[in-house]
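Dear colleague,

I am handing over the structure you will find just below, and my notes on it follow directly after. Please read them with the coordinates open beside you.

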Amino acid sequence: MIEIKNVTKKFGNLCAVDDLSIEIGAGELYGFIGPNGAGKSTTMKILACLLRPDRGSARVCGHDVRTDGDEIRRVLGYMPDYLGVYDDLTVDEYLQFFASAFRIARTKRRGLIDEVLKLTDLSEKRRAMVSSLSRGMTQRLGVARVLLHDPKVLLLDEPASGLDPRARIEMRELLVELRRMGKCLMVSSHILSELAEMSTSIGIIERGKLLYTGSIEDAYERVRGGERITITLEAPPEAADGAAWLSPERAAEVLRADPRVTRSESEDGKVHVELSVGEKSHHFVIESLVRAGARIAAFEPKGVKLEDAFLKLTKGAVQ
Ligand SMILES: Nc1ncnc2c1ncn2[C@@H]1O[C@H](COP(=O)(O)OP(=O)(O)OP(=O)(O)O)[C@@H](O)[C@H]1O
Ligand SMILES: [Mg+2]
């Protein structure tokens with residue numbers, strides 16, 4: 001649905017987008033992540049035919065951004081990072097205005113507007129002035145607006161910016177719903193964790209360069225390693241002579257002997273283990289402990305923290 005090939009865009013000497021290539025298929029939600037000034041909005045504006053690329057090619061549903069602007073506008077919904085709203089209109093008038101701008105037949109408008117209001121949970125606000133809406137509602141109204149002409153592809157530039165935690169969750173639910181409807185979405189954000197859960201794939205961009213593009217699982221796979229696990233062992237039965245019971249100290253020792261483990265210590269009656277980089281399964285830890293006679297009460301893999309993964313990816317630690 002979206003195909004960007006070796007696109008470069010410069011503003012004077014500044015290379016805002018540098019040899020970027022991304023492909024996004026139908027039914028995908030692509031999380032486009034990068035810090036301020038990374039080139040996210042510039043990339044989206046190129047796809048929305050608002051900026052021309054200096055080099056490379058970009059297509060939306062097979063249409064070329066250089067030559068097929070009209071076709072692209074029919075299949076694409078673009079929500080910019082800052083949406084200028086007309087304050088002296090009601091929510092309903094606002095959507096009526098855009099429906100006519102999209103040349104939607106008068107007879108179909110009412111039904112369509114009702115539908116997008118329902119989807120964005122704004123039905124009760126239809127008579128409210130746009131200026132009276134909260135930030136979260138305004139963002140949802142922006143999404144409602146770009147849905148009017150039923151586009152197959154949606155570009156949403158930071159739809160969750162400035163929203164409180166609850167409004168963020170509501171926005172996330174709305175985006176997941178749109179993905180379920182089969183739309184192709186490209187959603188930008190500064191924050192990986194905001195998008196990670198709902199995205200089917202992600203791209204990480206910094207200073208115009210794409211550092212990673214692919215599935216979330218692959219991203220984790222690449223940064224995996226150094227995984228930490230905390231293990232709690234069952235206390236010995238009161239009457240036991242202790243012979244068959246493995247103490248946390250002894251358990252830590254058993255694991256320390258394994259080359260797949262880089263660190264193994266006991267502390268406060270628990271065993272803290274760190275696996276070596278590239279170790280993809282932690283099942284062997286359970287096996288060795290059970291073989292040594294341990295009774296495991298709790299096994300808590302800490303995994304790789306999202307923000308750590310992001311840092312590793314952006315520091316070029318990953319090819
Ligand atoms: N019209 C313009 N003229 C000159 N420079 C521009 C223009 N638009 C963007 N830039 C520059 O291009 C770079 C990329 O900007 P862009 O808006 O694409 O970043 P972004 O990833 O969307 O950032 P943010 O998270 O702040 O929205 C920045 O250095 C910006 O200053
Ligand atoms: Mg931006």
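An open sheet is formed by 4 strands in the order β2-β1-β4-β5, and its pairing is antiparallel; strands here are DSSP runs of E of at least two residues, helices are runs of H or I of at least four residues, and both are numbered from the N terminus. At the edges stand β2 and β5 (63–64), each of which pairs on one side only, where two strands are taken to pair if DSSP finds at least two bridges between them. Strand β4 (residues 55–60) is joined to β5 by 2 bridges, the two running antiparallel, and Val-60 has His-63 in β5 as its bridge partner.

Before going further, please note that this is a predicted model, in which local features need pLDDT of at least 70 and side-chain atom pairs count only at pLDDT 80 or more, while totals for chains, interfaces and linings use all residues. Residues are numbered from 1 along each chain as its sequence is written, and chains are lettered from A and ligands numbered from 1 in the order in which they are written.

The other sheet to look at is an open one of 6 strands, with the order β6-β7-β8-β3-β9-β10 and mixed pairing. Its edge strands are β6 (76–79) and β10 (209–215), each pairing on one side only, and the twist from one strand to the next averages 15°; axes are lines fitted to C-alpha atoms, for helices over the stretch in contact, and angles run from 0 to 180 degrees between N-to-C directions. Strands β6 and β7 run parallel and are joined by 4 bridges: Leu-76 has Val-153 in β7 as its bridge partner, and Gly-77 stands opposite Leu-154 in β7.

In a regular strand the side chains alternate between the two faces of the sheet. In β6 both faces are covered, with Leu-76 and Tyr-78 on one side and Gly-77 and Met-79 on the other, all of them buried; a residue is buried if 20 or more other C-beta atoms lie within 10 Å of its own, exposed if 12 or fewer, and partly exposed in between, with C-beta atoms placed from the backbone. Helix α5 lies across β6 and β7 and runs at about 160° to β6, contact being counted when the C-beta atoms of two residues, placed from the backbone, lie within 7 Å.

Two residues other than glycine have a positive phi and may deserve a look. Arg-103, with phi near 60°, is placed in the loop between α3 (91–101) and α4 (106–119), and Arg-103 counts as exposed because it has 8 C-beta neighbours inside 10 Å. Asp-150, with phi near 50°, lies in the loop between α5 (135–147) and β7 (153–156), and Asp-150 counts as partly exposed because it has 15 such neighbours inside 10 Å.

Finally, the chain is divided into domain 1 (2–222) and domain 2 (225–303), with bounds that come from an automatic or database domain assignment, and the C-alpha centres of domain 1 and domain 2 lie 47 Å apart.
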